[in-house]
Structures are given as structure tokens and as C-alpha cells.
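Me: I have a structure to go through today. Can you walk me through it in short steps?

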Amino acid sequence: MTHSGPDTDLVDIRLLRTFTVVAQELSFTRAGARLYLTQQAVSSQVRCLETSLSVQLFRRTTRSVRLTRPGRLLQERVQPLLQALDEAIVDARDAAHHGGVVLVVGHTESAAHRLLPRAAGLLARTTPELRLRSEQYSELGLRAAVAEGRVHVGVGAELTFGGSRITGQEVGREPWCAVVGRQHPLAERGRVSAAELAGHEWLSWPRSSHPGHWRAVHRIAAATGAAPAVTDTWLSLAHAHLTTTEAVMLQPLSVTEHLPQGLVPLELEEAPTCRYSAAWSLLATPPGLHQALSALTAAAEYPWTPAARCGEA
């Protein structure tokens, strides 16, 4: 008789949940408070799990609790799986009450303007049994949400996903445009070249939160030959800065439909393109993945020209 793998069917999920809380708190007392258990009960459950796995998960002293190397590995693997299990249970109950399957889509702000709403509309018509639930993140926040299984699919512009547990694909592109304040000397032009913007300060989302956007802006700035100064700033602060200075911020063209008052979009001649991608965890195939990718690709193929936007039904 062959042995297919470890005796995972003998491991109580309750023990794994207790283990993950202890691993987060590194304290049996604090873990017990979160789990509404005594310190002794938590310690007993952890010992039971260690016995069933034949592995020491923690090093305990009178002053500290630390994960062993096997313990760290188990935490990294089990935590997203338990999260995915919880979401699967919630989605199954939701489907039983409302019908259909729920796909949780995490997205950056850039995908919220046209790509995700249009994809949701396409899915509503073609795959009504697949319902989307969206959550917005920074780029790095989205990367963590996908890796930890908190969202089924991550979508955004210039995403820089990597690693052995995440995969993805490009779903489409759209041109970059420049956003300036109404007082900017180029605001009335409507269409400019990137080189004409080189004499002004450029704004970018911070590298610490949106490295893909940051790299794309610096790449386009370097291509102008004049290498304009690029300042990192948050989007809310950027809007205020643009309305009071002659600064410039590059954004995907679809942002033009949702600009705050006082800001003006400028189309770029021979505009570089912004890449939209979808990414998901390799630990499990998300529900409705292929339908969602098809809808995102179709939404991204929609023309972004001003004439097409004006003629949209």
C-alpha cells in the first residue's frame, strides 16, 4: 500500500488556528485572551499539534516564545490557507442565500476608474452567477492581499508581482496622460509631448507603496532626455499641489473622467502605454478566474480615445 503524504487528515483545524494565533502573538497568554481560552488550554493544544506533526514549533523559555524554523514555515503556509478556508465558507453560505459564486477582486486606485467597473458590467451580462466583491489597496498592500489569500485576484496598473507563489498576466494597456492644474501654462493646450513637460516638477506615488507606478514615471521621465525632477507624494496631496503649482502628474488616460475640480488632463503625443495586469495565488485557482480574465481583457480593449468616450452608450 502506498502512502500519499503526511497524515494531514489527522490534524484538527482548531489546533492549526490556535497555532497561528500563538505565532502572531508569541505569547500563550495573549493568544488565550484572543481565543477566549486559558493559557494552559492554549499550551495543551500547541503540544498536541507538535505531537501529531512530530515537529517542535516553538522554543519556550520563562521570558519568551519564539518560532522554530519549521514553525515559521508552517505559519507562512497555513495562515493564507486558513484565510482562504474562512472566505470559502463565507462565500458558500453567501451563494446558498443569494445564488452564484463570489470572486473577491483587490485593485489599486488606477483600476477603479474604467477597467474594473466595465469588467463587472460585462460579467453581469455574460456570467450572472459570478458576483464580484472589490477591495481597494495600495500596490504593496495588494501584493500582500493576494499572497495571503485575502483576495482571489489582484488588478492594477504597472503591478510588480513576483515570487514563486503568485502568477499573473497582462490584461491590456492604455495610454498615459498628464494631469495639471488649471493655472498651468500648458493647461489650454489639450495635447502636448512628454518633452514639453520636462521643464516642470513631476509627481509620482511613493516607491514605498506603489513601486510599479514609481518606476514607470521615472522611466518616462528619463526618456524625455531632460530627466525632470520627480517628487514622491500621496494622491490626495498631489491634487492640492497640482492646483497651486506648475507640477505635472502622469496618470492612465481613464483617470480623466474622474478628476477633481481644478485639474486638467493633457493627452500625450506618442503616448507611452500603461500596462494593466491581473495576479492570483498559485495555492488555489480562484473561482471564475477564466471568466474574470476574459472580462478584464475585453474591458481593457475598449478604446480610450476622447471620441470613443463621448460616443459611449
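Me: What should the 12 residues of helix H5 span, and what do its end C-alpha atoms show?
Reply: Helix H5 covers residues 115-126, and at 1.5 Å a residue its 12 residues should span 16 Å. Its end C-alpha atoms are 16 Å apart, which agrees. The expected span is 1.5 Å times one less than the number of residues. Helices (H or I, at least four residues) and strands (E, at least two) are DSSP runs, numbered from the N terminus.

Me: Where does this model come from?
Reply: It is a predicted model: local features need pLDDT of at least 70, side-chain atom pairs count only at pLDDT 80 or more, and totals for chains, interfaces and linings use all residues. Residues are numbered from 1 along each chain as its sequence is written, and side-chain values use heavy atoms, with hydrogens and water left out.

Me: Back to H5. Which residues are buried?
Reply: Leu115, Leu116, Ala119, Leu122 and Leu123 are buried in H5. Buried means under 20% relative accessible area, exposed means over 50%, and partly exposed is in between (1.4 Å probe, protein chains only).

Me: Why do they line one face of the helix?
Reply: Seen down the axis of H5, the buried residues fall within an arc of 125 degrees, so they line one face. The arc is that of the directions from the helix axis to the C-beta atoms.

Me: What is on the other side?
Reply: Ala124 and Arg125 are there, and they are exposed.

Me: And what do the buried residues pack against?
Reply: Several elements, including strand S3 (101-107), strand S6 (166-181) and helix H9 (289-301). Contact here means heavy atoms within 4.5 Å.

Me: New topic. How many salt bridges are there?
Reply: The structure holds 11. A salt bridge is a side-chain nitrogen of Lys or Arg within 4 Å of a carboxyl oxygen of Asp or Glu.

Me: Is Glu50 buried or exposed?
Reply: Buried, because its relative accessibility is 11%. Arg60 has 35%, so Arg60 counts as partly exposed.

Me: What does Arg30 pair with?
Reply: Arg30 forms a salt bridge with Glu25, and the closest N and O atoms are 3.2 Å apart. Arg30 is partly exposed at 45%. Glu25 is partly exposed too, at 22%. Glu25, Arg30 and Arg34 are linked in a network of salt bridges.

Me: And Arg150?
Reply: Arg150 forms a salt bridge with Glu148, with the closest N and O atoms 2.8 Å apart. Arg150 is partly exposed at 26%, and Glu148 is partly exposed at 37%.

Me: What about Thr18? Where is its place?
Reply: Thr18 sits in helix H1 (residues 13-25). At 3% relative accessibility, Thr18 counts as buried. Leaving out residues up to four places away in sequence, Thr18 touches Leu35, Val42, Gln45 and Val46.

Me: Is Cys274 buried or exposed?
Reply: Cys274 counts as buried, because its relative accessibility is 0%. Cys48, by contrast, is partly exposed, at 42%.
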